[in-house]
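The sequence and coordinates are shown first, and the description follows.

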Amino acid sequence: MPEPETEDAEIRWGILGAGGIAGKFATDLIRTPGNALAAVGARQGERAAGFAARFGAPRSYGNYRQLVDDPDLDAIYIATTHPGHREQALMAIEADKAVLIEKPVCLNAADAREVFAAAAAARVFAMEAMWMRTNPLIRKAQELVAGSAIGELVSVRAEMGLGLPFDATHRLYDLANGGGALLDLGIYPVTFGWIFLGPPPSVSVTGSLAPTGCDATVAMQWSYPDGRDAQLWCSAPVKAPYRALVVGTEGWIRPEGRFYRPTALTVMIGGLESRIDDPLGSDAGGYGPEIAEVARCLRAGLTESPLIPAADTIAILELLDRARAELGVRYPGE
Ligand SMILES: NC(=O)c1ccc[n+]([C@@H]2O[C@H](COP(=O)([O-])OP(=O)(O)OC[C@H]3O[C@@H](n4cnc5c(N)ncnc54)[C@H](OP(=O)(O)O)[C@@H]3O)[C@@H](O)[C@H]2O)c1
């Protein structure tokens, strides 16, 4: 992996794919110190050029191969829909570029294992873009729980309902484009449960499918031998608040706003409520901390981030694989 020349060298990013999340990421990237948007690649040259003009990227390419072969890039952010992630990540790793891969890293755990193994073999940095895990308030909540601020952990709940009416042509309902609530939405509640409770020994899954065969609404119950539990829920068609609660024997922590990018934490300890405000401020999209974390890792010569270990990314995909299998959801080629 090309190492930045000095400890504070600017990290030169290429964005692969010029869709919705690529634009949100680019907005935060260009205002994260020590990072620069150097190039963008899309399937069509005009689309890439338009994106580059919008965000001030000096170079644009009409295919992904040319982007990853650009010698003046340190990192590639893969912002396409999930069925393409495996092949695109392998291509970038082969071109000796660090990769930040949108969630889910791949359609299934087997593909994710292959990507992280290739990165490890090439000594190239790779990380799932699970930005929630780099968010300062989420990290603060983890710190409070680890320090027993709310007593012994008892239960975690997290849920999100997008409220997108069924539309067979939308990527969320299109199996060929990695559709389904679990991989797009459920990965947040599941990761939220995981960061507080760790791997669940016992999981119950129930859910419903859309007419295209994608999972539409899914509920999970995790149970631990010591009595701890988690209730996790996601839905593509049902609109419901994106909220979560971490409950302990002495109190609870509630992220305010969207739980994966909170605007504050409300903390109740022994009947006394307090509030911790968002250090990022309301005009930050929330992607800055993951961008800064990748930059920090590259400057330190790391091949993975301790905040989002590859082992967790793979194990969470294994859970999602099993849940999909129970619901009867299979992607083409699986
Ligand atoms: N972290 C977050 O907050 C967040 C939020 C939303 C989505 N996501 C994740 O980001 C990824 C993209 O989601 P999005 O909402 O940005 O989707 P989107 O707006 O529909 O954009 C899809 C992107 O995928 C690319 N693509 C490549 N092959 C494609 C194909 N066969 N069909 C459709 N698109 C194709 C397109 O590339 P070209 O530009 O080259 O045409 C486009 O840039 C998904 O994995 C999703 O789970 C993350």
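## The loop between α6 and β7

S148 lies in the loop that connects α6 (136-146) to β7 (153-162). The model is a predicted one. Phi of S148 is near 60°, which is a positive value in a residue other than glycine. S148 has 12 other C-beta atoms within 10 Å and is therefore exposed, the limit for that class being 12 or fewer.

A distance along the chain can also be given for G147. The C-alpha atoms of G147 and R296 are separated by 26 Å, the two residues being 149 residues apart along the chain. R296 belongs to helix α8 (residues 288-299). With 14 other C-beta atoms within 10 Å, R296 is partly exposed.

## Backbone geometry around β5

Two further backbone features concern the loops on either side of β5. D96 is located in the loop between α4 (85-94) and β5. Its phi is near 70°, again a positive value in a residue other than glycine. The count for D96 is 16 other C-beta atoms within 10 Å, so D96 is partly exposed.

P104 is found in the loop between β5 (98-101) and α5 (109-122). The peptide bond that leads from K103 to P104 is cis, with omega near -15°.

Which part of the structure encloses strand β1 (residues 11-16)? Of the 6 residues of β1, 5 are buried, so the strand is largely enclosed by the rest of the structure.

Strand β1 pairs with strand β2 (residues 35-41) in the parallel sense, over 6 bridges. Within this pairing, G14 has A39 in β2 as its bridge partner. The chain passes from β1 through α1 to β2, and this β-α-β crossover is right-handed. Strand β1 is also joined to strand β4 (residues 75-78) by 4 bridges, and these two strands run parallel. In β4, A75 stands opposite W13.

## Domain arrangement

How many residues of domain 1 are in contact with domain 2? The domain assignment of the protein chain gives domain 1 (11-132) and domain 2 (136-279 + 316-327). Their centres, taken over C-alpha atoms, are separated by 26 Å. At the boundary, 12 residues of domain 1 are in contact with 13 residues of domain 2. On the side of domain 1 that touches domain 2, the residues divide into 8 nonpolar, 3 polar and 1 charged.

How values were computed:
Residues numbered from 1 in each chain as written. Predicted model: local features only at pLDDT ≥ 70, side-chain atom pairs only at ≥ 80, totals over all residues. Buried ≥ 20, exposed ≤ 12 C-beta atoms within 10 Å, placed from the backbone. Pairing = 2+ DSSP bridges. Right-handed = clockwise from strand over helix to strand, strands pointing away. Domains from an automatic or database assignment. Contact = placed C-beta atoms within 7 Å. Nonpolar A, V, L, I, M, F, W, Y, C, P; charged D, E, K, R; others polar.
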